[in-house]
Amino acid sequence: RESDHRAWTPVTYTVTRQNATIQGLIQGKAYFFRIAAENIIGMGPFTETTKEILIREPITVPDRPEDLEVKAVTKNSVTLTWNPPKYNGGSDITMYVLESRLIGKDKFHRVTKEKLLDRKFTVEGLKEGDTYEYRVSACNIVGQGKPSFCTKPITCKDELAPPTLDLDFRDKLIVRVGEAFSLTGRYSGKPAPKVTWLKDDIVVKEDDRTKIKTTPTTLCLGILKSVREDTGKYCVTVENSTGSRKGFCQVNVVDRPSPPIGPVIFDEVFKDHMVVSWKPPLDDGGSEITNYIIEKKDTHKDMWMPVTSATVKTTCKIPKLLEGREYQVRIYAENLYGISDPLISDEMKAKDRFRVPDAPEQPIIKDVTKDSAVVVWNKPYDGGKPITNYIVEKKETMATRWVRVTKDPIFPGTKFKVPDLLEGCQYEFRVSAENEIGVGDPSPPSKPIFARDPIAKPSPPVNPEAVDKTKNSVDLTWQPPRHDGNGKIIGYLIEYQKVGDEDWKQANLTADSCPETKYKVTGLTEGLTYKFRVKAVNAAGESDPAHVPDPVEVKDRLEPPELILDANMAREQHVKAGDTLRLSAVIKGVPFPKVTWKKEDHEVSPKADIEVTGVGSKLEIRNTVHEDGGMYSLTVENPAGSKTVSVKVVVLDKPGPPRNLKISDVRSDSCYLTWMEPEDDGGSVITNYVVERKDVASAQWVAISSSSKKRSHMAKYLMEGTQYLFRVAAENQYGRGPYVETLKPIKAIDPLHPPGPPKNLHHVDVDKTEVSLVWNRPDRDGGAEITGYLVEYQEDGAEEWTKFQTVPMLDCVVTGL
């Protein structure tokens, strides 16, 4: 029975032997078997196999492995591969045994000690130049099978094979923008070649879109989502030590074109049609433009109307327009791969554009003589209709009316020789163009020209010479040239050359910077010797040079200083306060002297403005005050000497305050004032003094004298007992100076004197310790009421008097004696 069935199936024949062959079993299935003995009495019990039996071929050792091949040989290793045996003997291969035999030896030696299941093995550690042959056997659980057929004898040496390259792509590849493309192929070579990808001779690097994959036998460059910039010549190089191979592919990534380049130019505009032009797209998408699609639109409508879709020119006529309407034009470029975005024009009104010609540009005047000149101009825009005539006009520069130079037509030439000019007159010219519409505007007037024969270069200047010099400059003079070449002398060019040098240097860059017949050459180096020359210049050019006869050594000419005093530097200078003081003098000397101003041997006031020029010096003080007076000195000095002049400056001003105001002889109705003259009389004689008084209780000063020339005054008519202040000021012809005032008030009272001595002093009583005294009033009270009497006593023989008491009456009792 089958192992997975319960039912027993009888074998179809009966056997009398102790063995039997069972037919009709299915390979790969498992079976149980049972057997029973039978005699004539009957069948005995069955005996059953203890375990299932799997039906399969009988197990033997494997067949020999097949296709043993040498894959690689180096100087010290051999790599072999093989295929399994056709029959594994009924059991799985457990390992392979690889053996080698050195040529010349009899025995094979096993190469692998470990269990080898791979069908590839590299034998290493071999000796260069040795020759081996190899065989391989397969093993299963039964044992080792027959060995494979031996390889050919293999000598250990490096194998060299030049690279091979088998590409899957052609010379050209066209790809749409956005699509991916790949370049693939196979290669071989020994040793293993290096693979390099280039695009337009630049190494390709991997990024988000660019992928490079290389295996030992295949190569691949892939680009995702291609863009126009991926267009180029791609090159793959396979290279090893024996040589290299290259493969090329021109990849063209194509797309629809970019829009045509604007602006749209309206070459011609008429009332019923226009002619427009444009420029081709910057990028044709990698495929040539097959045509342009042109559409028009009336700006009052929203619909675009086709004009043409079958033109490859970049110009087009737009027909069937309505006069006065404004139109826009849009243009698409098309190639095999699509249509570009549009280029849209500005708005343009359909109307005839014919008009009179534009004004020509300013004409140029050539070949001037004393009675003729040639006028040359450029052709202007013709206004849409061909130019049929040019009109040339002239006028004298100072006149206002233009006159045609000829009534004959001037065409097609753009120059005309104008005859009949007056010699010496200055003329301007202008040109107008004419077409069938009419005469256009005239050109701007030409530059004015004088009608006279051409001028020649002048002759050289006459008699140049050096007339002065300093340590860094030389002054030159000369006479004008004898012949001016019929042209006005514009000026002169001065050149100098250091003795020993070859090059001449220009002292002035342009002739008009030196119109006179003299020039100061500056910037020279002290102690060096220079040559000089002068050229005259007119409109025709420069004359030949005229040379200064002798070289000039640059150094200061020494002349002692000289002072020429102006009127304001007289011995004494008077200036009114508040006015401006001016002192000045003309200064000479070579080199120009150093100028120093001083006042009383000190620096002058900072408020003084001092100016020094090349010919003199000036000192100026504005708003003078009295203190600006004094002795001023001007010193000029150079290496040849020095000179000094002085001037006394008096600043006339009001006087200062009087000094030492004193009051004496005060009475009840008068007092006496004395003072001294001011320290500063203001530069003018004191003419008088002004004396004023003031009651301390009053705010008003009262003049009591204003014309006195004396330095004292009796103040009268005072009120007895009143307190007074006094002040005095001096006056000169420039005004009244400040007042000097008494420090404290005085009281108008008569002066007080001590009273006279008491009269008739005598005692009227005496005790042992006291004395009673009486006396009479003195003859005079000193101008004031007597307030008391002072009583003193003296011990006989002593020197000092002892005060006892002051008593109001005419008697006193002295006690304590």
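Student: Are Glu495 and Lys535 buried or exposed?

Tutor: Glu495 is buried, and Lys535 is buried as well. Keep in mind that this is a predicted model.

Student: What do the side chains of Glu495 and Lys535 form?

Tutor: They meet in a salt bridge, with 3.6 Å from N to O. The two residues sit in distant parts of the chain, 40 residues apart: Glu495 is in strand E39 (residues 491-498) and Lys535 is in strand E42 (residues 529-538).

Student: Which residues are in the network of salt bridges with them?

Tutor: Arg533 and Glu542 are linked with Glu495 and Lys535 in that network.

Student: And how many salt bridges does the count come to?

Tutor: The count comes to 27 salt bridges.

Student: Give me another one. What does Arg256 pair with?

Tutor: Arg256 forms a salt bridge with Asp341, and the closest N and O atoms are 3.1 Å apart. This pair also links distant parts of the chain, 85 residues apart. Arg256 is in the loop between strand E20 (243-254) and strand E21 (261-269), while Asp341 is in the loop between strand E27 (338-339) and strand E28 (343-344).

Student: Change of topic. Where does UniProt place the Fibronectin type-III domain feature?

Tutor: The UniProt entry, which is unreviewed, places that feature at residues 1-58, 64-159, 259-353, 359-454, 460-557, 657-751 and 757-817.

Student: How much strand is there in residues 64-159?

Tutor: That span is 41% strand and 0% helix, and its end C-alpha atoms lie 29 Å apart. Residues 259-353 are 53% strand and 0% helix, with the end C-alpha atoms 29 Å apart.

Student: And where is the Ig-like domain feature?

Tutor: The unreviewed UniProt entry puts it at residues 163-252 and 561-646. Residues 163-252 are 64% strand and 0% helix, with 28 Å between the end C-alpha atoms. For residues 561-646 the values are 62% strand and 0% helix, and the end C-alpha atoms are 16 Å apart.

Student: Now the surface. Which residues gather in the patch of negative charge?

Tutor: Asp371, Asp420, Glu423 and Asp453 gather there. Glu423 is in the loop between strand E34 (415-418) and strand E35 (426-435). Glu423 counts as exposed because its relative accessibility is 55%.

Student: What makes up the nonpolar surface patch?

Tutor: Val61, Ile141 and Val142 make a nonpolar patch of about 260 Å². Ile141 belongs to the loop between strand E10 (131-139) and strand E11 (154-155).

Student: Why does Ile141 count as exposed?

Tutor: Because its relative accessibility is 63%, and the cut-off for exposed is over 50%.

Student: Last topic, the backbone. Which residues does a cis peptide bond join?

Tutor: One joins Gly262 and Pro263, with omega about 0°. Pro263 is in strand E21. The peptide bond from Phe411 to Pro412 is also cis, with omega near 0°. Pro412 is found in the loop between strand E33 (403-404) and E34.

Student: Why point those out?

Tutor: Because most peptide bonds are trans. Likewise, most residues other than glycine have a negative phi.

Student: Which residue has a positive phi of about 45°?

Tutor: Lys225 does, although it is not a glycine. Lys225 lies in the loop between strand E18 (218-223) and strand E19 (232-240), and it is exposed, with a relative accessible area of 64%. Asp367 also has a positive phi, near 50°. Asp367 is in the loop between strand E30 (364-366) and strand E31 (373-376), and it counts as exposed at 60% relative accessibility.

Note on methods: Residues are numbered from 1 along each chain as its sequence is written. This is a predicted model: local features need pLDDT of at least 70, side-chain atom pairs count only at pLDDT 80 or more; totals for chains, interfaces and linings use all residues. Side-chain values use heavy atoms; hydrogens and water are left out. UniProt positions are given in the numbering used here, feature names are shortened, and annotations may be inferred rather than shown by experiment. Helices (H or I, at least four residues) and strands (E, at least two) are DSSP runs, numbered from the N terminus. Patches are made of residues with over 30% relative accessible area and no salt bridge: like charges are joined within 9 Å, nonpolar side chains (Val, Leu, Ile, Met, Phe, Trp, Tyr) within 5 Å. Accessible areas come from the Shrake-Rupley method with a 1.4 Å probe; for residues, only the protein chains shown count as cover. A salt bridge is a side-chain nitrogen of Lys or Arg within 4 Å of a carboxyl oxygen of Asp or Glu. Lys and Arg count as positive and Asp and Glu as negative; His and the chain ends are not counted. The place of a charge is taken as NZ of Lys, CZ of Arg, CG of Asp or CD of Glu. Buried means under 20% relative accessible area, exposed over 50%, partly exposed in between (1.4 Å probe, protein chains only).
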